[in-house]
Amino acid sequence: MIPHKKVYMYGGYNTISMGTGRKEFNPKAVRSGVEDYIKEAGQGVLKQIGGAKNVDEGVIGNFMAARFNNQANLPGFLPMIDEGLSMKYGTSVEGACGSGGLALQSGIRNVLAGTSEITLAVGFEVQNTYKAIYGADILAGAGWYQKRKTGHAYFFPGQFSDRAGAYFAKYGKENARKGMSRWYANAIENSRLDPTAQEYHNTNPDPYNTCLKMEPNGKAFVDNLNYLDCSKVSDGASGIAICSEEGLKRIGVAKSEAVEVLSFVHAVRDITKDPKDLTELEAIKFATNKALNELGITAKDLATIELHDCFSIAGILTLEALGLAEKGKGCDFVSEGNTARTGFIPVNTTGGLIGWGHPTGGTGVHQSVTIWQQLTGRAGNAQIKIPSDRPYGMTVNMGGDDVTISVIIFKRG
Amino acid sequence: MKYEDRLQNVTVLGAAGKMGSGILLLTAVEMADLSLQPQNKNKTFVLNAMDVSDEALFGLMGYLREQVRKIAEKKTVLLRQLYADREDLIENFQIIDEYIFRVLNIVRPTTAVEVAYRSNIIFEAIKEDPALKHKVLSGIKKNSEKNPWFFTNTSSIPITELDEAAELGGNIIGFHFYNPPAVQKLVEVIRSKHTSDDLFDFAMTYAKNLRKIVVPSNDIAGFIGNGHFMRDALYGIQQVEKLATEFGYVKALYAINKITQDYLVRPMGIFQLTDYVGIEVCQYIMAVMNPYLKDENLHSSILDKMVEQGVKGGQYSSGAQKDGFLKYEKGRPIAIWDIDNKKYINIDSFAAEVDAKLGVLPASYKPWKVVNFNRNKEALLTAFFEDLNSMKTLGATLAKDYNKRSNEIGLQLISSNVAKDNEAVNTVMLTGFYHAYGPINNYLK
């Protein structure tokens with residue numbers, strides 16, 4: 001959808017994505033909780049926009065705090081960020097791992113509806129409260145519960161392992177594994193450039209071969225993916241301000257310091273139905289193409305993409321859905337270096353879900369923060385060059401197995 | 001009797017002890033897994049956890065619950081398949097909880113030894129005291145309804161002697177787990193002169209199902225593990241006594257502990273290992289072994305004195321290390337027991353001085369934890385020993401002598417027919433003691 005008036009994002013903030021990989025992570029010690037993450041991300045944004053007085057509304061994106069942290073009624077945490085948000089409108093949205101993107105979609109809609117000139121969006125998840133084997137139960141809530149019994153112990157890795165298996169069968173395993181391993185290597189190399197990334201401390205000199213040589217083991221995990229093909233288990237939060245033109249004026253920020261939302265699409269696929277084709281992400285294909293078509297551009301006009309690589313195979317299938325590679329050729333597209341930070345279209349420039357981390361409900365917001373940083377020259381060591389003839393950045397956030405999809409296309413304001 | 005039928009009723013004696021609790025855990029899990037197989041669905045499995053201490057049994061169940069959870073968490077993929085027909089069990093945590101219940105439901109904690117009379121298999125993990133073992137085993141044998149097989153976890157007493165003294169008629173086998181049984185892969189299996197093939201075959205199947213590495217040892221006191229360890233430890237004590245004339249006892253003990261850890265690239269120094277096993281336990285094992293050894297006196301008055309002074313090492317039920325030769329803080333040695341003045345002396349107060357006397361470590365030195373799990377372990381050790389062999393510092397000399405002695409002990413175990421070959425000796429030291437290299441090696445020049 002093309003906004004009928006100008007909508008911008010500004011003032012993004014990411015906490016560290018905490019979990020295995022970070023030197024300071026200790027699963028046995030008392031760690032920061034939901035409150036700490038929401039507060040840090042929220043205040044990180046408020047500091048850049050002149051404080052809570054400038055905020056009309058707040059929205060929180062979260063997936064499963066109700067189970068990970070026994071916490072519901074999340075709007076109540078907005079005034080905890082700053083008492084200036086007390087007695088203001090606040091809501092929370094849930095769409096599994098797409099909750100962050102849904103928070104942005106919700107914020108954009110409110111700005112367009114005119115109920116808010118500035119909406120504070122915060123997405124978070126604190127999921128290291130459970131070991132992975134129990135976390136898998138909780139995350140399985142992103143699928144249809146009627147399928148849980150027959151699903152894998154690691155439910156979502158199981159779903160995407162099936163997709164990878166179908167892809168191998170159709171297009172050949174060897175090539176696919178190479179592409180998936182390059183995907184992992186790109187993620188690690190990019191995350192080393194962002195101090196908030198979960199794999200920031202990773203020093204493996206050859207991540208590509210580490211991943212390539214790690215044969216998937218269905219007895220201990222799943223048949224067609226190894227651990228490195230998977231996104232991280234993360235605690236983290238991200239925040240950003242969604243503003244109208246009026247909003248930007250209120251906080252005295254030039255449009256050029258913000259990113260403009262050019263096109264936004266949210267689409268859902270029936271959760272009770274199996275994918276028609278395991279080698280295609282149907283809803284992602286629909287939503288990304290709709291966003292591009294409405295703007296009259298193609299994926300080749302994008303400077304960079306933050307896409308939802310909850311598993312390496314999901315990243316490759318998304319490239320195919322975008323039309324950047326033909327079906328079955330996404331792995332080659334990656335192997336050839338096109339998605340590396342120096343390639344034709346740098347993807348997930350701070351590591352994505354595999355390298356930066358995947359605090360599930362926060363991911364969609366994190367993606368937009370990264371795009372804002374890249375398009376406005378704030379990405380520090382992770383900064384890529386934005387070609388003047390391809391000024392666009394895109395986010396693709398997915399909830400469940402291709403079920404709840406948010407796509408946003410930005411350019412510098 | 002089929003394997004699973006034999007395992008329908010088992011008793012572990014000394015079930016709440018350090019070794020007994022591990023044996024209980026592994027056996028309970030094996031029995032629970034058997035009970036989950038379709039052909040065994042209507043069979044009842046009973047595992048008596050017999051111990052003299054009510055208090056220890058109380059703690060045991062907590063330990064079991066915690067450990068079974070860890071095991072279940074690691075095999076949830078398999079458990080989901082085994083429970084596929086249970087429609088009420090949907091999420092991993094439900095399946096794991098159900099499995100924990102199944103395992104715990106097999107275990108019957110008790111202080112009454114009479115429960116063993118109905119068992120097909122008796123696992124004995126009581127005190128390393130030959131007279132006590134004779135009494136308990138023969139008592140069960142006489143009263144049993146089942147003519148059971150006895151598995152003894154003795155680490156030092158010859159199995160034939162137990163067999164004959166308790167009149168077990170060959171229904172016994174040595175099945176020596178390493179501490180902690182749930183983690184350590186090694187099991188030494190020792191036949192008495194009379195052990196039947198059926199019992200031996202069962203023991204091998206059981207070991208395989210527990211995913212253990214079996215090293216057969218001949219029936220000579222101490223077997224391979226303690227045959228090496230006790231002599232190695234005694235040599236360490238003798239080296240301390242020698243070095244003490246120049247260094248003083250405390251510094252000498254620190255030096256030899258350091259040599260055996262760093263210069264020998266072992267997971268811990270010889271005195272830390274003695275503390276880990278327990279000083280009194282080591283004293284006892286030596287006393288049990290000694291009468292069987294010719295031309296050798298396996299005895300240390302320093303161990304006697306430590307025990308007299310009440311400084312015994314060993315572990316708390318939590319698994320934390322008790323103070324012994326060394327004092328520990330968060331598992332790390334911080335002081336040395338001064339046997340003359342009966343107090344601990346902080347290592348910090350003299351370490352630099354002793355280290356200087358020993359000289360620098362070989363340039364290519366890397367700690368055990370780097371070397372042992374390294375893909376290039378062989379190359380790392382070759383480089384290390386090349387350096388060490390060319391050095392003449394006090395540290396290097398002591399280390400070379402120590403390694404030579406360890407090698408002699410290894411060869412002695414073969415020549416005295418305890419171990420079949422080099423591989424048997426090395427496997428025990430590599431897997432049971434986590435040494436980075438076996439005593440019989442080509443590194444020494």
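Two strands are taken to pair if DSSP finds at least two bridges between them, and helices (H or I, at least four residues) and strands (E, at least two) are DSSP runs, numbered from the N terminus. The model is predicted, so local features need pLDDT of at least 70 and side-chain atom pairs count only at pLDDT 80 or more, whereas totals for chains, interfaces and linings use all residues. Residues are numbered from 1 along each chain as its sequence is written, chains are lettered from A and ligands numbered from 1 in the order in which they are written, and side-chain values use heavy atoms, with hydrogens and water left out.

In chain B, strand E6 (residues 172–177) is joined to E7(B) by 5 bridges, and the two run antiparallel. Within this pairing, B:His176 has B:Glu188 in E7(B) as its bridge partner. E7(B) is also joined to strand E8 (residues 213–216) of chain B, here by 4 bridges and in parallel. The partner of B:Val189 in E8(B) is B:Pro216. Buried here means under 20% relative accessible area, exposed over 50%, and partly exposed in between (1.4 Å probe, protein chains only).

These strands belong to an open sheet of 8 strands in chain B, with the order E3-E2-E1-E4-E5-E6-E7-E8 and mixed pairing. Strand E3 (107–110) and E8 of chain B stand at the edges with a single partner strand each, so one side of each has no neighbour in the sheet. Neighbouring strands of the sheet are turned against each other by 25° on average, direction ignored. Elsewhere in the sheet, 4 bridges join strand E4 (residues 121–124) of chain B to strand E5 (residues 149–152) of chain B in parallel. B:Phe123 stands opposite B:Phe151 in E5(B).

Helix H8 (residues 197–209) of chain B forms a right-handed β-α-β unit with E7(B) and E8(B). Right-handed means that, with the strands pointing away from the viewer, the path from the first strand over the helix to the second runs clockwise. H8(B) lies across E4, E5, E6, E7 and E8 of chain B and runs at about 20° to E6(B). Axes are lines fitted to C-alpha atoms, for helices over the stretch in contact, and angles run from 0 to 180 degrees between N-to-C directions; contact means heavy atoms within 4.5 Å.

B:Leu47 is found in strand E2 (residues 46–50) of chain B and is buried, with a relative accessible area of 0%. Residues up to four places away in sequence aside, B:Leu47 touches several others, including B:Val10, B:Leu24, B:Ala28 and B:Ile106. B:Ala28 is 19 residues from B:Leu47 in sequence and 6.8 Å away in space, C-alpha to C-alpha.

Chain B is divided into domain 1 (3–216) and domain 2 (225–432), with bounds from an automatic or database domain assignment. The centres of the two domains, taken over C-alpha atoms, are separated by 32 Å. In chain B, 18 residues of domain 1 are in contact with 15 residues of domain 2. The two domains of chain B bury about 1,400 Å² between them, 57% of it on carbon and sulfur atoms; buried area is the accessible area (1.4 Å probe) that two parts lose on being put together, summed over both.
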